[in-house]
Amino acid sequence: MTGKLLELAIMEGVAAVMFWFAYSIGVRQKMELIAGYNERTAHHVTDKPGLARLVGRMCGLLGLAAAVMPIATLLWGGTEAGLAACIGGFGGFLAGAVGLTVLQARDYTTNASTDVEP
């Protein structure tokens, strides 16, 4: 199996998993799939449907980025500089999307450090 086929298989597999998470969390509201969400921390969430939509959209964006990555490397990854730009762009997109999601998730939760445990 060549490197391009291996990349295609892995990234499309990641994309399929992320699209499944996007559907399960964003549409079906399966909050237990969100990392760090459990019965002990559930009282900190003030808007559960809003948080589910936010995390679902994030998973959808990551799935889309993973699906497009093999196409980008096929088109522009022929040289070392082009491949580095594709990988850097993908990494920058992931870091930015995760960072913005973490910041926006604060709109749907309360501050755990100021809450009194029941």
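Ser24 is found in helix 1 of this predicted model. The residue is buried, with a relative accessible area of 4%. That value falls under the 20% limit, so Ser24 counts as buried. Beyond the residues up to four places away in sequence, Ser24 touches Gln29, Lys30 and Leu33.

One of these partners, Gln29, lies in the loop between helix 1 and helix 2. Gln29 is partly exposed, at a relative accessible area of 32%. Its backbone stands out as well. Most residues other than glycine have a negative phi. Gln29 is not a glycine, yet its phi is positive, at about 60°.

Tyr23 also lies in helix 1. Its relative accessible area is 44%, so Tyr23 is classed as partly exposed. Tyr23 and Arg53 are separated by 30 residues in sequence. In space, their C-alpha atoms are 9.6 Å apart.

The overall fold comes next. The chain has 3 helices and 0 strands. Along the sequence the pattern reads α-α-α. Helix 1 covers 3-27, helix 2 covers 48-76 and helix 3 covers 80-105. The radius of gyration of the chain is 18 Å, whereas a compact globule of 118 residues would have one near 13 Å. Taken along the principal axes, the C-alpha atoms fill a box of roughly 60 × 25 × 20 Å. Of the 118 residues, 33% count as buried. Contacts between residues at least 6 apart in sequence were also sorted by separation. Of these contacts, 68% join residues at least 24 apart.

The nonpolar interior was examined next. In soluble globular proteins, nonpolar side chains tend to be buried together. The largest nonpolar core of the model has 18 residues. Met31, Ile34, Tyr37, Leu51 and Val55 have the most contacts inside this core. Helix 1, helix 2 and helix 3 each supply at least two of its residues. Helix 2 gives the largest share, 7 residues. Ile34 illustrates the packing. With neighbours within four places in sequence left aside, Ile34 is in contact with Ile25, Leu51 and Val55. Another core, of 9 residues, lies apart from the largest one. Its members include Ala65, Met69, Ala72 and Cys86.

Two residues of this other core, Ala72 and Cys86, are also contacts of Gly77. Gly77 sits in the loop between helix 2 and helix 3. Its relative accessibility is 13%, so Gly77 counts as buried. Gly77 and Leu8 are 69 residues apart in sequence. The distance between them is 13 Å, C-alpha to C-alpha.

Rolling a probe the size of a water molecule over the atoms shows where empty space is left. The largest pocket has a volume of about 340 Å³. Its lining consists of 17 residues. Nearest the centre of the pocket lie Ala35, Gly36, Leu51, Ala105 and Thr109. Helix 2 and helix 3 are the elements that give two or more residues to the lining. The largest share, 3 residues, comes from helix 3. By residue class, the lining divides into 9 nonpolar, 7 polar and 1 charged.

Notes: Residues are numbered from 1 along each chain as its sequence is written. This is a predicted model: local features need pLDDT of at least 70, side-chain atom pairs count only at pLDDT 80 or more; totals for chains, interfaces and linings use all residues. Side-chain values use heavy atoms; hydrogens and water are left out. A nonpolar core is a set of buried Ala, Val, Leu, Ile, Met, Phe, Trp, Tyr and Cys residues joined through side-chain atoms within 4.5 Å. Buried means under 20% relative accessible area, exposed over 50%, partly exposed in between (1.4 Å probe, protein chains only). Helices (H or I, at least four residues) and strands (E, at least two) are DSSP runs, numbered from the N terminus. Contact means heavy atoms within 4.5 Å. On a 1 Å grid over the protein atoms alone, a cavity is a set of points where a 1.4 Å probe fits but cannot get out, and a pocket is an open set with protein on both sides within 12 Å along at least five of seven lines; lining residues have an atom within 4 Å of a point. Grid points are joined across faces, edges and corners, and a volume is the space filled by probe spheres set on the points. Ala, Val, Leu, Ile, Met, Phe, Trp, Tyr, Cys and Pro count as nonpolar, Asp, Glu, Lys and Arg as charged, and the others, Gly among them, as polar. The radius of gyration is taken over C-alpha atoms; the globule rule is 2.2 Å times the number of residues to the power 0.38.
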